[in-house]
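The following note sets out a few points for a colleague who has the model at hand. Please read each point alongside the sequence and the coordinates.

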Amino acid sequence: MHDDMKRVAETAVPVERAKAAIDLMATYQGWVLELSRIRREAIEEAQASGMTQAEIAAKLGVSRGRVGQLASAGPPPERAFFGTDLVTVSLGGKPEAGKGPDENPSAVVVQEDLDNFEHLRKLLGSMKLEAQYEVIPPTGIVNLNRDNHVVICGPRLSPIVAQVLEGDDNLRFEKDRAWHLLDQRTGEEFRSPMDEDGSAGDFGYLGRLPRLDGRGTFLYIAGIHAIGANGVVHYLEHNLAELYREVRTRRFSTLISCRYNPETLEVLESRRVTPLYRHEG
């Protein structure tokens, strides 16, 4: 920290010095935000373990009232589920209709995925995290080796994602007469109601999967159909705190079912239909 300050202070050109100071302040403010989250989580854990506010106050050297303030100050602990800085959401792109194979087709994103991003952006904003999205090109090539990364893209659109998914020994996408999800532990198949009887429901996959460089993880969301991913996002909106308490930032996977309004595509209900499978490593 001292070296950073010294570097900024010794920047010769005044405008460059001002910019360096602004950039460093933004970095420090991000650290302060994350430290306040860690502090809040630690106090909550201490209380959950049976310590009273008075006992915590004595250990911290502050008043009991101050402990109450600290327990609600800063972002909620579950913010760490998504990351500590600007979150990038990669959305699966489909080739633009009407373009031939030699016309270098651009990628288009379905409305359901744009809705997903908007819901995620609001959820992240409530936890003091900003979000941006990018479109995965029709080749399916996406850089998975990044922090603060969410991927919303079916395995059929990205061979890289499909390869990573093969490492999940618990849940997987399969295709026979139609794409579906399989719980490999129980043998239970989850087939989309859209394919079975045309009713307004679907299933989605939610997991934290390993990056290819082995230096972290990324969050992965995909439905059998696009609306299934909306069901997963709906589940996160309503169950994030509980989910974070269960898995923290460790690797896991689970399946979510949803019902939706077929006219507005608004998800009405979502629920978990498999255990939270913890991944080794």
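1. Ile38 is found in helix H2; helices (H or I, at least four residues) and strands (E, at least two) are DSSP runs, numbered from the N terminus. This is a predicted model, in which local features need pLDDT of at least 70, side-chain atom pairs count only at pLDDT 80 or more, and totals for chains, interfaces and linings use all residues. Residues are numbered from 1 along each chain as its sequence is written, and side-chain values use heavy atoms, with hydrogens and water left out.

2. Together with Met1, Met5, Trp31 and Leu35, Ile38 forms a nonpolar patch on the surface, with about 580 Å² of accessible area in total. Such a patch joins nonpolar side chains (Val, Leu, Ile, Met, Phe, Trp, Tyr) within 5 Å, from residues with over 30% relative accessible area and no salt bridge; areas come from the Shrake-Rupley method with a 1.4 Å probe, and for residues only the protein chains shown count as cover. Helix H2 (residues 14-48) supplies the largest share of the patch, three residues.

3. The structure holds 17 salt bridges, each a side-chain nitrogen of Lys or Arg within 4 Å of a carboxyl oxygen of Asp or Glu. One of them joins the side chains of Glu34 and Arg79 (3.3 Å, N to O). Because Glu34 lies in helix H2 and Arg79 in the loop between helix H4 (64-70) and strand E1 (87-92), the pair ties together parts that are 45 residues apart in sequence.

Conventions. Patch = residues over 30% accessible without salt bridge, like charges linked within 9 Å, V, L, I, M, F, W, Y side chains within 5 Å.
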